[in-house]
Amino acid sequence: TFLDALNEHLKGEEKRGFIPSIDGKAQDQAANRYWMFDVNGKLADKVAAVSHLNKGDTVAFYLGSF
């Protein structure tokens with residue numbers, strides 16, 4: 001899963017399939033900023049705990065507004 005791949009390189013926390021923090025940097029609900037991720041340049045359509053990578057996929061995690 002994307003979460004497994006993230007944890008190979010960084011320390012990602014998981015809660016109900018979502019990622020509330022990466023390497024100790026938490027999302028900020030008050031500011032409407034959440035950990036999100038793009039796959040091959042497009043916003044992922046599933047949570048990180050159930051999304052799967054394909055060979056050659058690129059993934060970018062970032063704090064974004066929803």
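Q: What gives the most to the lining of the largest pocket?
A: S3 does, with four residues. A pocket here is an open set of points on a 1 Å grid over the protein atoms alone where a 1.4 Å probe fits, with protein on both sides within 12 Å along at least five of seven lines, and lining residues have an atom within 4 Å of a point. This is a predicted model, where local features need pLDDT of at least 70 and side-chain atom pairs pLDDT 80 or more, while totals for chains, interfaces and linings use all residues. Residues are numbered from 1 along each chain as its sequence is written, and side-chain values use heavy atoms, without hydrogens or water.

Q: How many residues line that pocket, and which lie nearest its centre?
A: The lining has 20 residues, and Phe 18, Ile 19, Tyr 34, Trp 35 and Val 47 are the ones nearest the centre.

Q: What's the order of the strands in the open sheet?
A: S4-S3-S5, three strands with antiparallel pairing. Pairing needs at least two DSSP bridges between the strands.

Q: How many bridges join S3 and S5?
A: Seven, with S5 covering residues 59–65. As one of the pairs, Tyr 34 has Gly 64 in S5 as its bridge partner.

Q: And how many for S3 and S4?
A: Two bridges, with S4 at residues 42–43. Val 39 has Lys 42 as its bridge partner in S4.

Q: What's going on with Asn 40 in that hairpin?
A: Two residues lie between S3 and S4 in the hairpin, and Asn 40 has a positive phi near 55°.

Q: What about Asn 32, where is it and what's its phi?
A: Asn 32 is in the loop between S2 and S3, and its phi is positive, near 60°, though the residue is other than glycine. Asn 32 counts as partly exposed at 31% relative accessibility.

Q: Switching to the helix. Which residues of H1 are buried?
A: In H1 (residues 2–9) they are Phe 2, Leu 3 and Leu 6. Those residues cover an arc of only 95° around the axis, which puts them on the same side of H1. The arc is taken from the directions from the helix axis to the C-beta atoms.

Q: What do they pack against?
A: The buried residues of H1 pack against strand S1 (21–22), S3 and S5, where contact means heavy atoms within 4.5 Å.

Q: Gly 12, is that buried or exposed?
A: Gly 12 counts as buried at 7% relative accessibility. It lies in the loop between H1 and S1.

Q: What does Gly 12 touch?
A: Leu 6, Asn 7, Ser 21 and Ile 22, leaving out residues up to four places away in sequence. Gly 12 and Ile 22 are ten residues apart along the chain, and their C-alpha atoms are separated by 4.4 Å.

Conventions: Buried means under 20% relative accessible area, exposed over 50%, partly exposed in between (1.4 Å probe, protein chains only).
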